[in-house]
Amino acid sequence: MPITVNLDVMMAKRKISAGELAEKIDITPANLSILKNNKAKAVRFSTLEAICSVLDCQPGDILEFTKEDK
């Protein structure tokens, strides 16, 4: 998939655990893990907004597009 989720990088920079982030953005730790490990097929804008608010970052700090060679 050409979209990479760099959530773990931003969490490390902000020194916040997955459990703490999940609680603050009101999703289950399992759903956060799916997102964090690049297994999610989609992310709600409300979830992305909550993540950015808690981590004080921009969506581009978390999501990265990588062009695939054809």
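This is a predicted model: local features need pLDDT of at least 70, side-chain atom pairs count only at pLDDT 80 or more; totals for chains, interfaces and linings use all residues.
1. Now look at H1 itself, which covers residues 7-14. Leu7, Met10 and Met11 are buried there. They sit on the same side of H1 because they span an arc of only 100° around the axis. Turn to the face pointing away from that buried side and you'll find Ala12 and Lys13, which are exposed.

2. Next, the salt bridge: the structure holds 1. Lysine 24 pairs with glutamate 20, and their closest N and O atoms are 3.4 Å apart. These two are 4 residues apart in helix H2, so about one helical turn separates them. In general, side chains of opposite charge can pair when their charged atoms come close. Is lysine 24 buried or exposed? Lysine 24 counts as exposed, because its relative accessibility is 51% and the cut-off is over 50%. Glutamate 20, at 36%, is partly exposed.

3. Last stop, the largest pocket, with a volume of about 160 Å³. Its lining includes Ile27, Asn31, Leu35, Val43 and Arg44. Helix H3 (residues 29-36) gives the most to that lining, with 4 residues. Sorted by class, the lining has 7 nonpolar, 2 polar and 1 charged residues.

Technical notes. Residues are numbered from 1 along each chain as its sequence is written. Side-chain values use heavy atoms; hydrogens and water are left out. On a 1 Å grid over the protein atoms alone, a cavity is a set of points where a 1.4 Å probe fits but cannot get out, and a pocket is an open set with protein on both sides within 12 Å along at least five of seven lines; lining residues have an atom within 4 Å of a point. Grid points are joined across faces, edges and corners, and a volume is the space filled by probe spheres set on the points. Ala, Val, Leu, Ile, Met, Phe, Trp, Tyr, Cys and Pro count as nonpolar, Asp, Glu, Lys and Arg as charged, and the others, Gly among them, as polar. Buried means under 20% relative accessible area, exposed over 50%, partly exposed in between (1.4 Å probe, protein chains only). The arc is that of the directions from the helix axis to the C-beta atoms. A salt bridge is a side-chain nitrogen of Lys or Arg within 4 Å of a carboxyl oxygen of Asp or Glu.
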